[in-house]
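Here is a short briefing on how one protein chain packs its inside. Look at the structure first, then read the points below.

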Amino acid sequence: LLGVSDGAAYPPVVDAVKVAPGYEAALAAALADGLEAAIDPAAPAHWQGSIAGRTARALPAGAEPLTAVIQAPVELGWALAHVGLVPDAAAGDRLAASLAPGQILVTKEGASWRWDGLVRRLEAAAPAAVRLEQRNRLEQLEHEFADADQARTSAVAALVSAEQALATASADEKQTRSDVMAATAATERARGEHLQRRRDAEARAATRQTLAGSLAVAEADLAA
């Protein structure tokens with residue numbers, strides 16, 4: 001993989017670049033070994049950025065600025081302003097003759113056409129492209145891990161909530177069952193008491209009727 005310029009004191013600019021997934025080879029083709037240079041002016045090889053008074057010429061019609069898919073330090077701004085992205089090799093071949101000095105065309109896959117006539121077709125992935133791809137993949141994995149961890153946390157919270165709800169429902173069920181049993185018992189007691197009172201009332205009525213009959217007989221005897 002790409003090494004660090006002049007030791008750890010001057011990290012390569014590639015470490016400060018963020019490129020959209022899938023465009024790593026395009027950036028590596030555009031800047032090549034320049035990605036090993038630092039942005040620290042004290043480094044033996046470094047990027048100094050744009051110089052006052054210089055204006056980059058427009059890219060050939062049909063080429064898109066590579067900067068649309070890259071976030072890079074301002075020191076790379078001048079260099080990246082000269083890089084155009086084309087959809088395929090046919091477009092690169094067609095537009096190469098329109099390149100101004102300093103400009104280069106690249107494809108997403110890593111082919112390149114330089115203003116001075118140098119053309120590089122697709123070949124083995126450049127070390128810088130591999131490094132960028134690995135870093136993008138690592139970031140993707142970190143995001144996926146974070147999402148998975150959040151999902152696990154949410155699942156645990158949902159499980160705890162479900163268990164609490166189940167415990168509450170079970171307790172409510174037990175209480176409801178107990179309330180039903182108590183109500184049933186109270187109903188049976190009330191029914192028994194009602195039956196007993198009716199029997200008592202019927203007994204009192206029979207006694208009253210008997211006494212009334214006896215009284216009538218007694219009064220008839222007295223009248224005789």
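Helix H1, residues 24-31, is mostly covered: eight of its eight residues are buried. Buried means under 20% relative accessible area, with a 1.4 Å probe and protein chains only. Helices are DSSP runs of H or I with at least four residues, strands are E runs of at least two, and both are numbered from the N terminus.

This is a predicted model: local features need pLDDT of at least 70, side-chain atom pairs count only at pLDDT 80 or more, and totals for chains, interfaces and linings use all residues. Residues are numbered from 1 along each chain as its sequence is written, and side-chain values use heavy atoms, leaving out hydrogens and water.

**Helix H1**
- The buried residues of H1 include Glu-24, Leu-27 and Leu-31.
- Ala-32 follows H1 and has a positive phi, near 45 degrees.

**Nonpolar cores**
- A nonpolar core is a set of buried Ala, Val, Leu, Ile, Met, Phe, Trp, Tyr and Cys residues joined through side-chain atoms within 4.5 Å.
- The largest one has 22 residues, and Leu-27, Leu-31, Leu-66, Ile-70 and Val-106 have the most contacts inside it.
- H1, helix H2 (77-80), strand E4 (83-86) and strand E5 (104-107) each supply at least two residues of this core.
- H1 gives the largest share, five residues.
- Another core lies apart from it, with nine residues, among them Leu-99 and Trp-113.

**Around a ring**
- Lys-108 lies over the face of Tyr-23, at 4.9 Å from the ring centre.
- For this, NZ of Lys or CZ of Arg must be within 6 Å of the ring centre and within 35 degrees of the ring normal.

Terms used: Buried < 20%, exposed > 50% of the residue type's maximum accessible area, 1.4 Å probe, protein only.
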